[in-house]
Amino acid sequence: MNSNIIQRKNLADEVAAKLQEKILKGGYQVNQKLPIEAALMKSYGVGRSTVREAVKILVNSGFLRVQQGVGTFIEDASGINEPLSQRLKRADPQNIKEVRKILEAKIAVTAAMNRNGNDISKLEHYLDKRTTAANDDLLEDCISAHISFNVLLAEASKNDVLADLYKLFAIQLKNELLDHHHDTSYFKDTSGSYHNLFDGVLRQDPQKAGYWSTKIIETNV
């Protein structure tokens, strides 16, 4: 089976990510001509319009350059500051988990110190939705509430940079949860841990919040 075949919905972005990863790993050399559209279509199992959009994305990002009448060539990307959202797409899952462990623990501690009453109300609302959806075996609703709870926890830290950084990870996390879980058993199993985390934030107990955040990430995807 061709491992290049794209399965996800946003085909152009996925093809662009695959090509970018190959460029960054040295699969193409600087100034090398990119394979023709037909070859890329066959390689990734997508249509011509998808290939053209993916190439356009990489041209705009500085990874490719177009020479009219000649072709598309690999650009020197050594000086490019790759957007973090794009970098996360090609990151090793274990590396992402290690960074999230640090990030989420810091968020929990900071949220416990800085949260306000409005934050608590929102967190409690989505925690209840997560629990109810898990018990009713509504996987998509459960994942949606789970992500919302964690994003709101980051916002409760009152550190905009920390919150924005976590939101980038949350996009990756949602995809991983959808890929790895086919029922709500994980969310049922971690319900108690999330209630303990919430209780630490509610009681403004940074040590408790940080402890349970770390416990949760150790059993997460």
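1. Basis of the values. The model is predicted, so that local features need pLDDT of at least 70 and side-chain atom pairs count only at pLDDT 80 or more, whereas totals for chains, interfaces and linings use all residues. Residues are numbered from 1 along each chain as its sequence is written, and side-chain values use heavy atoms, with hydrogens and water left out.

2. The largest nonpolar core. A nonpolar core is taken here as a set of buried Ala, Val, Leu, Ile, Met, Phe, Trp, Tyr and Cys residues joined through side-chain atoms within 4.5 Å, where buried means under 20% relative accessible area, exposed over 50%, and partly exposed in between, with a 1.4 Å probe and protein chains only. The largest such core has 38 residues, and Y166, F187 and L197 are those with the most contacts inside it. At least two residues each come from α5, α6 (117-135), α7, α8, α9 (185-189), α10 (191-202) and α11 (206-218), the helices being DSSP runs (H or I, at least four residues) and the strands likewise (E, at least two), numbered from the N terminus. Helix α7 gives the most to this core, with 10 residues.

3. Leaving aside neighbours within four places in sequence, Y166 is in contact (heavy atoms within 4.5 Å) with L103, E104, I107, N150, V151, A154 and L173. In soluble globular proteins, nonpolar side chains tend to be buried together.

4. The cavity. On a 1 Å grid over the protein atoms alone, a cavity is a set of points where a 1.4 Å probe fits but cannot get out, while a pocket is an open set with protein on both sides within 12 Å along at least five of seven lines, and lining residues have an atom within 4 Å of a point. Grid points are joined across faces, edges and corners, and a volume is the space filled by probe spheres set on the points. The structure holds one cavity of 30 Å³ or more, and the largest cavity contains about 80 Å³ of space. Its lining is made of E104, I107, N150, L153, Y166, Y194, L197, S213 and I216, with α5, α7, α10 and α11 each supplying at least two residues. By class, six residues of this lining are nonpolar, two polar and one charged, where Ala, Val, Leu, Ile, Met, Phe, Trp, Tyr, Cys and Pro count as nonpolar, Asp, Glu, Lys and Arg as charged, and the others, Gly among them, as polar.

5. The second largest pocket. This pocket has a volume of about 200 Å³ and is lined by K33, L34, P35, I36, E37, L40, R52, V55, V66, G71 and T72. The elements that give two or more residues to its lining are α2 (37-44), α3 (48-61) and β2 (71-74). The lining residues divide into six nonpolar, two polar and three charged.

6. Salt bridges. With a salt bridge defined as a side-chain nitrogen of Lys or Arg within 4 Å of a carboxyl oxygen of Asp or Glu, the count comes to 11. R100 and E104 meet in one of these at 3.0 Å, N to O, and, being four residues apart in helix α5 (residues 93-114), they are separated by about one helical turn. R100 is buried, with a relative accessible area of 2%, and E104 is buried as well, at 6%. E155 and K167 form a salt bridge at 3.2 Å, N to O; E155 lies in helix α7 (residues 139-156) and K167 in helix α8, so the pair ties together parts that are 12 residues apart in sequence. E21 pairs with K25, the closest N and O atoms being 2.9 Å apart, where E21 is partly exposed at 23% and K25 is exposed at 63%. A network of salt bridges links E37, R48 and R52.

7. Two further residues. T50, found in helix α3, is buried with a relative accessible area of 13%, and, neighbours within four places in sequence aside, T50 is in contact with L11, A12 and V15. D179 lies in helix α8 (residues 160-180) and counts as partly exposed at 43% relative accessibility.
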